[in-house]
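Open the model in your viewer and keep the selection tool handy.

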Amino acid sequence: MLHCGSGCCLALLLVWSLCVSARCRFPSLDHIRPRASDRAQGRAVTELLRRLLGNRSAEFIVSINGSLSNDSLDVCELRSTKNNKVVATGSTGVAVASGIYNYLKYFCNCHVSWSGNQLDLPRPLPKLTGVLRISTPHRFRYYQNVCTFSYSSVWWDWPRWEREIDWMALNGINLPLAFTGQEALWQEVYRALGLNQSEIEEFFSGPAFLAWNRMANLFKFGGPLPQSWHVNQLYLQFKILERMRSFGMIPVLPAFSGNIPKGVLRLYPEARVTRLGPWSHFNCSYSCSLVLDPQDPLFHHIGSLYLSQVLKQFGTDHIYSTDTFNEMTPPSSDPAYLSAVSRSVFASMTAVDPQAVWLMQGWLFFSDAAFWKPAQIQALLHGVPLGRMIVLDLFAETEPIFSYTESFYGQPFIWCMLQNFGGNSGLFGTVESINSGPFKALHFPNSTLVGIGMTPEGIEQNPVTYELMSELAWRKEPVNLAKWVSLYAIRRYGNTQESLTAAWRLLFASIYNCSDPHYRNHNHSPLVRRPSFHMNTGLWYDPADLYKAWKLIMDAAPSLMSKETFRYDLVDVTREVLQVLTTSFYRDIADAFKKQNLSELLTAGGVLVYDLLPELNRLLSSNRNFLLGTWLERARSLAVDDKEAQLYDMNARNQITLWGPSGEILDYASKEWGGLIEDYYAQRWGLFVQTLVECLNSGQPFKQAAFNQAVFQIEKGFIYNGRKYPTKPQGDTYEIAYRIFLKYFPQALNRL
């Protein structure tokens, strides 16, 4: 068993005991407090520990004392008893859960993640010398993105939600987005307004696309939403809110943005409505949404009706999220108009909840920077009283907005790491940026920072970046990244092998340290993109570092295959290597075609299509975290009959491939999963190579447009192939990975 010596414990006590920065406080946020009693929060943490540690949970004594913090900043104190128990006392349930997780990480070398836990607790528990005090300078630790509900949690049941909320508590999250089930409430509002059922069904998109329906980007596509969906999601939301609040979290609830069904115009023909232009290559069959002018009295009426329903059904913690101009340009750039818009939106909230605080994504200022100049940004923000709006600096690790808006012109903001687009597979991180960024924001002149957050479009990838980011909320200065990740490797595997810490140091200094300006983590690899001669082959790191790390991990593999966390990382790193090699073979294919060398084309294309991609499919199919079948089975399991099952299956398949009826946002949400490689990506590459061979044999040029038409049949065919994919792993991960290593490691080195 591994545990720290007393010297290590004292050092960690110093590192983790944090001071509170002297900076702007907002009395307007003082009423934002946990709803659950201290005793209820204590029970929630005790139950979490029982789920996590089983019988060993009895060795922790939990106590919540809200008066431990006199400034709304969470704190936890831990000490050992004479009979080898650990007493944890904190200001909230979240504070105690994250304090105990800190102890589990740094004194017991334990680890909790989406891809498995490593919970070999020492017996007895390591003793603390004195009191370990853990505190945070951040009022809020925010989590989730409006897109996460479609890209990751759309098909979740309650057990999966329960695990996620436990993970949130352990990682110190106290301000989570809670958007599940809102369509059930909207249906009641629309019915109360006088819309008929067909008008409502024409409006809601299918489950996998609800995030963009909510943001007025599209409607109808993938629908209609069955009534059973509303019932199921409402049931989930009640349980989600109850559990979040039991830990002392502040769930963020949805509010009205102005997005309306066209049936509203039948009832209110005089309403002032803007028809938006097409969104992301969709035509007006599914986009060109209708947005009600916030200055129209009807906006106030509908917004108040909806928020009244929210409060009646969900209760409230007084923070509401809505986005008025997400990826769409306002009809006027007049600052007076923009101030009036935000004033009206906020008024529709305060009419129902006088203590309302508006949480707004700052994404619009980045995505439409040509429109949002300083005067326009300030006007929108100042339509709401200072301190009654919190802005999410959504992509701050790469595109921080606070630094050129004078800290959002006085409105409080949260520094967020976005990290992932589309829930794509692929190793990625910006560790130097996230290690320094929150502290720069904290010490920015007249900073209005009130928290830090994580806003990925999709989760269940790159667990190391989320562990680092959540831990930084409790630090007073940046960490030593090499030391931090060495300790991460030790606790993730419960093993001190130097090869593993060396591998992780290599990964952290390369693939996890993207510093390219303005880089967005979409997986650009040719592997998951429709083949063409204009593919992105660039990397932000030296692949030699990835290959060295791969070898070190392979060397350690035989003795570690019993660890779920290690098996996941072995698959993930090997997958990344094969993704890079796919790019290399693609270059060979393109070069051979350009030189009209049929032999070289057949060799490179043959290796890619008939060996590398099948091997990748076998590798991914050997681990439960990389199965297409799981995604599809979760979707179908929510259906009450075959018709619903087919609808959900189509939604699940379309989102990760075509993303639209005709590939409007093709491959945006790509995934490298067993089954998907075989029946989607490999089929496209097979057709590409076959087409090039036919072109060389016939002397005809390659025509991309004709190829796109042909490959679209493969893409669409996958969505409707009706095939059932395995939901349990198949094959021996080590055997498959070792075979791949023997074949491709020498090639990888030769291709550097």
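How far apart do the end C-alpha atoms of residues 44-126 lie, and how much of the span is helix and strand? Select the span: those end atoms are 24 Å apart, with 31% helix and 27% strand. In an unreviewed entry, UniProt lists residues 44-126 as "domain: Alpha-N-acetylglucosaminidase N-terminal"; such annotations may be inferred rather than shown by experiment.

A word on the ground rules. This is a predicted model, where local features need pLDDT of at least 70 and side-chain atom pairs count only at pLDDT 80 or more, while totals for chains, interfaces and linings use all residues. Residues are numbered from 1 along each chain as its sequence is written, and side-chain values use heavy atoms, leaving out hydrogens and water.

Next, select helix α17 (residues 463-472) and helix α18 (residues 481-493), whose axes come within 12 Å and cross at roughly 120°. Helices here are DSSP runs (H or I, at least four residues), numbered from the N terminus, and axes are lines fitted to C-alpha atoms over the stretch in contact, with angles from 0 to 180 degrees between N-to-C directions. Show the side chains of P463, V464, E467, L468 and E471 in α17, which meet L481, W484, V485, Y488, R491 and R492 in α18; contact means heavy atoms within 4.5 Å.

Now move to helix α20 (residues 543-556) and helix α27 (residues 733-750), packed at about 145° with axes 11 Å apart. On α20, pick Y547, W550, K551 and M554. Their partners on α27 include Y734, F741 and L749.

Key: Helices (H or I, at least four residues) and strands (E, at least two) are DSSP runs, numbered from the N terminus.
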